[in-house]
Every structure is written in structure tokens, then in C-alpha cells.
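Trainee: I'd like to learn how to read strands and helices in a model. Could you walk me through an example?

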Amino acid sequence: MSGKGFFKSLFKTNRKKTADRLDESVACDLPAFKENLDEIPIDDDAPIYSGISVLIIEDSLHLRAIMVSYLKQHGMLVESADNGQDGLTKYLDASKRYDLVFMDIEMPIMNGHEAARLIRQSGVAGAQTIPIVAISGSSPVIDANSEFTLLLNKPFDMNRLLIMIHMAMRRSS
């Protein structure tokens, strides 16, 4: 199987878009979003958020590569970092602005909680309101006072990733 064929096989998803697919993947209060998931326009052939800029901060090289490749296939501009310190440095770079951040919670050098807190306190335009989606293999509680906007539990499929992007972008508008 060619490299392209291998990655394409990883991204085959069940396109069923219902609230019950969110179950344990979204561990926060989202009643407004659960009602309208059938209206989320997800189409494998057309980018739904073409041009948005995403920063993925994730220490797993495998997961990071899959996320970057998949989001690029959907027309997004994607950069990544492998720990919270590098992610914070990229976020603070004055020449770049991101629309959305995916942040692993448990990482070496600087964890996701610390990096997200420093992003929020940075004074960079939009830092207080940018959606920061926590990625976690455990089930931490994300409350209204958290630095995170939403929680995406591992493992997740690519359909869940797109739903999470839709929810995060709706919250930021």
C-alpha cells in the first residue's frame, strides 16, 4: 500500500452525525450543540473550514501526524508542536495568528494546563477567546473556569475531530 493509500485508509470515518456519538468524548456542558449535530455540514469531499489556522500541541508523534494530515486535507492551515513550551512559543510568535488550538493535557517539558493558562494570560490579541480544545487519554473534568473551551477524549475518530472543530468555531463566533 502506498503512503498516500495508507493515510487515506486511516481517515475513513463513519459519517453518521448524531448526538449519541458525542457521549464520553465531550465532557462539558454542551446542550446547545447536542441538539443540532445533524445540521453539521461534514462532507468527505469538501473542506468545511478551509483556511482556518490550527495549532496542534500533542506529544504523540503518531497522533500529531494523523491530525495534521487530516486537517490539511480539509483545507486548514496547520502547525504543530510536541510539548507545551514549544506550543506556547509558536502561539506567542507575533507573525502568526491561530483560530483554534488543540492541546494535549499531559506532555513533557510543559503540560497542557500550564501552556493554556499562559496563552490566556499572554495579552496577545484574541488569547482570552481563542478556542483551546483539550485532548486527553483520561477523563479530566473541564469546568466553566477552565482555560480549555472543550474536551476531546482519546481515542477519537476523525468524524469526532471535525465535530469538535465545528463546536469550537461556533463558540468563538
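Mentor: Gladly! Keep in mind that this is a predicted model. Let's begin with strand pairing: E1 and E3 run in the parallel sense and are joined over four bridges. Across that pairing, isoleucine 56 sits opposite phenylalanine 102 of E3.

Trainee: In which sense do E1 and strand E2 pair, and over how many bridges?

Mentor: E1 and E2 (residues 77–81) are also paired in the parallel sense, over five bridges. The chain gets from E1 to E2 by way of helix H3 (residues 61–73), a β-α-β crossover that is right-handed. For a place to look, find serine 53, which stands opposite leucine 77 in E2.

Trainee: Which way do the residues of E1 point, and are they buried or exposed?

Mentor: The general idea is that side chains in a regular strand alternate between the two faces of the sheet. In E1, Ser53, Leu55 and Ile57 point one way, Val54 and Ile56 point the other way, and all are buried. That is five of five residues in strand E1 (residues 53–57).

Trainee: Now a helix, please. Which residues of H5 are buried?

Mentor: In general, an α-helix has 3.6 residues a turn, so residues three or four places apart point the same way. In H5 (residues 112–120), the buried ones are Gly112, Ala115, Ala116, Ile119 and Arg120. Viewed down the axis of H5, they fall within an arc of 135°, so they line one face of the helix.

Trainee: What covers the buried residues of H5?

Mentor: The cover includes helix H4 (84–92), strand E3 (100–104) and strand E4 (132–136). Also check the start of H5, where a side-chain oxygen of asparagine 111 comes within 2.9 Å of the backbone nitrogen of histidine 113.

Methods:
Residues numbered from 1 in each chain as written. Predicted model: local features only at pLDDT ≥ 70, side-chain atom pairs only at ≥ 80, totals over all residues. Heavy atoms only, no water. Buried < 20%, exposed > 50% of the residue type's maximum accessible area, 1.4 Å probe, protein only. Helix = DSSP H or I, 4+ residues; strand = E, 2+ residues; numbered from the N terminus. Arc of directions from axis to C-beta. Contact = heavy atoms within 4.5 Å. Polar contact = N/O pair within 3.5 Å; in protein donor to acceptor, adjacent residues only side chain to side chain. Pairing = 2+ DSSP bridges. Right-handed = clockwise from strand over helix to strand, strands pointing away.
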